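Hi,

Here is the structure I promised to pass on. Have a look at it first, and then read my notes below.

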Amino acid sequence: MAWVLKMDEVIESGLVHEFDASLSGIGQELGAGAYSMSDVLALPIFKQEDSNLPLDGDTEHPPFQYVMCAATSPAVKLHDETLTYLNQGQSYEIRMLDNRKMGDMPEICGKLVKSIIRVVFHDRRLQYTEHQQLEGWKWNRPGDRLLDLDIPMSVGIIDTRTNPSQLNAVEFLWDPAKYTSAFIQVHCISTEFTPRKHGGEKGVPFRIQIDTFKQNENGEYTDHLHSASCQIKVFKPKGADRKQKTDREKMEKRTAHEKEKYQPSYDTTILTECSPWPDAPTAYVNNSPSTAPTFASPQQSTCSVPDSNSSSPNHQGDAVPQASGEQLQPSATIQETRQWLLKNRFSSYTRLFSNFSGADLLKLTKEDLVQICGAADGIRLYNSLKSRSVRPRLTIYVCQEQPSPTQQAAGGGGENGGGTPCVYHAIYLEEMVASEVARKLALVFNIPLHQINQVYRQGPTGIHILVSDQMVQNIQDESCFLFSTVKAENGGGIHIILK
């Protein structure tokens with residue numbers, strides 16, 4: 001027995017000696033004083049943890065923390081928001097953690113709180129049309145929801161509710177003092193909301209947002225406590241695993257210097273604090289349909305749709321045009337903007353832009369309008385807002401010929417008064433046909449179109465040449481003509497002569 005104890009002492013002393021020797025060289029290559037704990041804490045691996053730890057002087061302390069059990073992508077730069085890939089229809093756990101300090105929020109001790117989980121668009125341009133996008137998804141996927149709770153797998157949630165008009169949200173009650181875990185399923189994929197112009201498009205990112213409320217004095221869960229969200233992309237089943245593997249392989253091929261610019265992949269996703277979702281508490285309390293709000297600033301977060309029939313084309317006759325003319329002015333009110341949309345044949349978008357003033361609408365770029373209204377209507381609306389008229393294919397200048405004193409005394413020639421200066425009028429032709437010439441001349445010179453029998457062009461030696469479509473196509477742009485009229489031989493109507 002003594003021999004065994006002696007051997008243990010020898011082995012222990014040898015291990016201690018080897019351990020001391022292994023530590024003896026640490027810091028020698030860096031030089032004296034080069035090794036410091038601050039350098040270690042500056043490594044990327046500590047950055048996510050550090051960002052979630054409050055500073056000593058911080059007065060703000062989030063009461064809750066939400067952690068989704070899904071790995072973050074390794075292909076995200078250091079200062080960018082994390083991105084998490086999810087599989088369509090797969091259940092993912094979100095742990096609802098009580099993060100309060102001792103004595104914080106005593107009013108909720110022993111009481112339940114309500115949380116609303118939403119899946120919403122991350123792209124600001126899609127937020128403008130969130131209601132239309134979700135309605136289109138609902139039309140293509142009748143009976144399906146964008147977001148569901150996996151109730152059998154969830155723990156600690158009470159009174160789970162879903163609203164048929166809110167396919168992208170679920171709500172439930174839970175006790176912060178007890179272990180709570182909600183399992184969610186996202187049924188929409190990111191590529192369902194792309195323009196589908198090209199194959200292999202990148203899917204649009206979504207956001208998972210959680211808003212938590214406590215009861216007010218009336219017992220309604222409307223007092224906001226905390227909100228947090230994270231960025232996600234949703235793929236078809238097993239697609240998220242393949243994407244995660246692809247990102248990991250790409251990062252492995254990068255140099256060590258390049259890898260320092262990227263975040264490491266974490267096993268879980270911590271939802272970061274954000275602003276509460278607009279009108280979040282009233283979305284279910286009133287039990288009334290409402291449109292999805294946006295992440296935009298207060299000036300732009302007006303994507304609600306009022307419940308009225310004012311956008312019907314049958315009301316176009318009641319429209320009051322702007323006094324300033326056809327172009328939409330930045331000073332236009334919401335009502336004037338709606339009337340402008342109706343007048344310019346955009347009645348189907350009056351509900352979408354129901355809270356937009358003229359300045360709001362004019363701030364949208366061409367890309368925004370194409371994303372909101374589609375390619376055809378988006379370009380048409382952009383051109384209308386910028387007053388881009390169709391460029392004429394041919395421009396001619398026409399002056400009504402003044403009759404000579406002899407003609408005036410005899411009463412011949414056209415019906416026009418003498419003594420006025422010869423003023424040319426611009427005639428813009430969008431179509432290179434003779435009928436377009438007659439129509440524009442009748443419009444400019446106030447001649448009833450049905451009274452014009454023929455239009456002639458005076459040729460060599462004073463002959464009259466019938467103006468045909470082929471002649472119009474060969475007229476030189478910006479040509480000048482004198483315009484006169486003669487009565488038709490049968491006495492019905494007139495002929496127009498261009499000289």
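Val 67 stands opposite Ile 270 in β11. That strand and β1 (residues 64–68) pair in the antiparallel sense over two bridges; pairing here means that DSSP finds at least two bridges between two strands. Helices (H or I, at least four residues) and strands (E, at least two) are DSSP runs, numbered from the N terminus. Zooming out, β1 and β11 belong to an open sheet of five strands in the order β5-β8-β3-β1-β11, with antiparallel pairing. At its edges are β5 (147–149) and β11 (269–270), each of which pairs on one side only.

Before the rest, some housekeeping. This is a predicted model, where local features need pLDDT of at least 70 and side-chain atom pairs count only at pLDDT 80 or more, while totals for chains, interfaces and linings use all residues. Residues are numbered from 1 along each chain as its sequence is written, and side-chain values use heavy atoms, with hydrogens and water left out.

On confidence: pLDDT is the predictor's confidence in each residue, from 0 to 100. The protein chain has a mean of 75, and 71% of its residues reach 70 or more. Over residues 26–35 the pLDDT is below 50, and this stretch has two contacts beyond near neighbours in sequence (contact: heavy atoms within 4.5 Å). Residues 407–417 are also below 50, but there the model has 11 contacts beyond near neighbours in sequence.

Now the helices. In α9 (residues 334–343), the buried residues include Arg 338 and Trp 340; buried means under 20% relative accessible area, exposed over 50%, and partly exposed in between (1.4 Å probe, protein chains only). The cover over the buried residues of α9 includes α10 (358–363) and α12 (375–385). Just after α9, Arg 345 has a positive phi of about 65°.

Helix α11 (residues 366–373) is mostly covered, with six of its eight residues buried. Among them are Asp 368, Leu 369 and Cys 373. Gly 374 follows α11, and its phi is positive too, near 90°.

Cys 480 is in no disulfide either, and the nearest cysteine sulfur, that of Cys 399, is 9.7 Å away.

Cheers

How values were computed
A disulfide is a pair of cysteine sulfur atoms within 2.5 Å.
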